Amino acid sequence: MEFKEVVKNRYSCKKYSDRKVEQEKLTAVLEAGRLAPTAKNLQEQHIYVVQSAEGLAKVDSVTPCRYGAPTVLLVAFDKKNVFTYPGGKRDSGIEDASIVATHMILAAANEGLDSCWLNFFDPEKVAEVFGLPENEEVLMLLDLGYAAEGAGPLANHASRKELSETVSYL
């Protein structure tokens, strides 16, 4: 698919069919995340693929927003392997994991998959429920699958501000 079309047509899916995600498509999505840029190329992301009934039940226990997706990607990052900005007040963990997640979202759309970035959960609870290492912080959960019949973007999906409202030239 043409990149501009991928970006324009991708939306946050809120209702999934029970159709499983093919391994080759999942691998393409994960590979896009692996290739995403990170500060100093530290690659501090860790992606957990949740597809088992037990794992999906854990997702359901921490958020009401799985929307029936047959696959959920848990995106975390190693807090001890981040670039700290000059001044010492910020580090690259959240932004690097966000870049990885965004690459995977766009790759999913390119593969004909639907997705939804989930942030309605307590990251510490997710880490506890999944038994993640203490050095990892959860950024997001990514629903992944095929939209159910009748699913589609929210009514305001195509409503975007003009560039002049969001961009300034200095």
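**Ground rules.** I number residues from 1 along each chain as its sequence is written. The model being predicted, local features need pLDDT of at least 70, side-chain atom pairs count only at pLDDT 80 or more, totals for chains, interfaces and linings use all residues, and side-chain values use heavy atoms, with hydrogens and water left out.

**Aromatic pair.** I looked for paired rings (Phe, Tyr or the six-membered ring of Trp, centres within 6.5 Å; planes under 30 degrees apart are stacked, over 60 edge-to-face, the rest tilted). I found 1 pair. Phe83 and Tyr85 form it, edge-to-face, at 5.5 Å centre to centre and 75° between the planes. I then checked exposure (buried is under 20% relative accessible area, exposed over 50%, partly exposed in between; 1.4 Å probe, protein chains only). Phe83 is partly exposed at 24%. Tyr85 is partly exposed at 23%.

**Charges over rings.** My test was NZ of Lys or CZ of Arg within 6 Å of the ring centre and within 35 degrees of the ring normal. The charged end of Arg90 sits over the ring of Tyr85, 4.7 Å from its centre. The charged end of Arg19 sits over the ring of Tyr146, 3.6 Å from its centre.

**Lys25.** Setting aside neighbours within four places in sequence, I list Glu111, Leu113 and Tyr146 in contact with Lys25 (heavy atoms within 4.5 Å).
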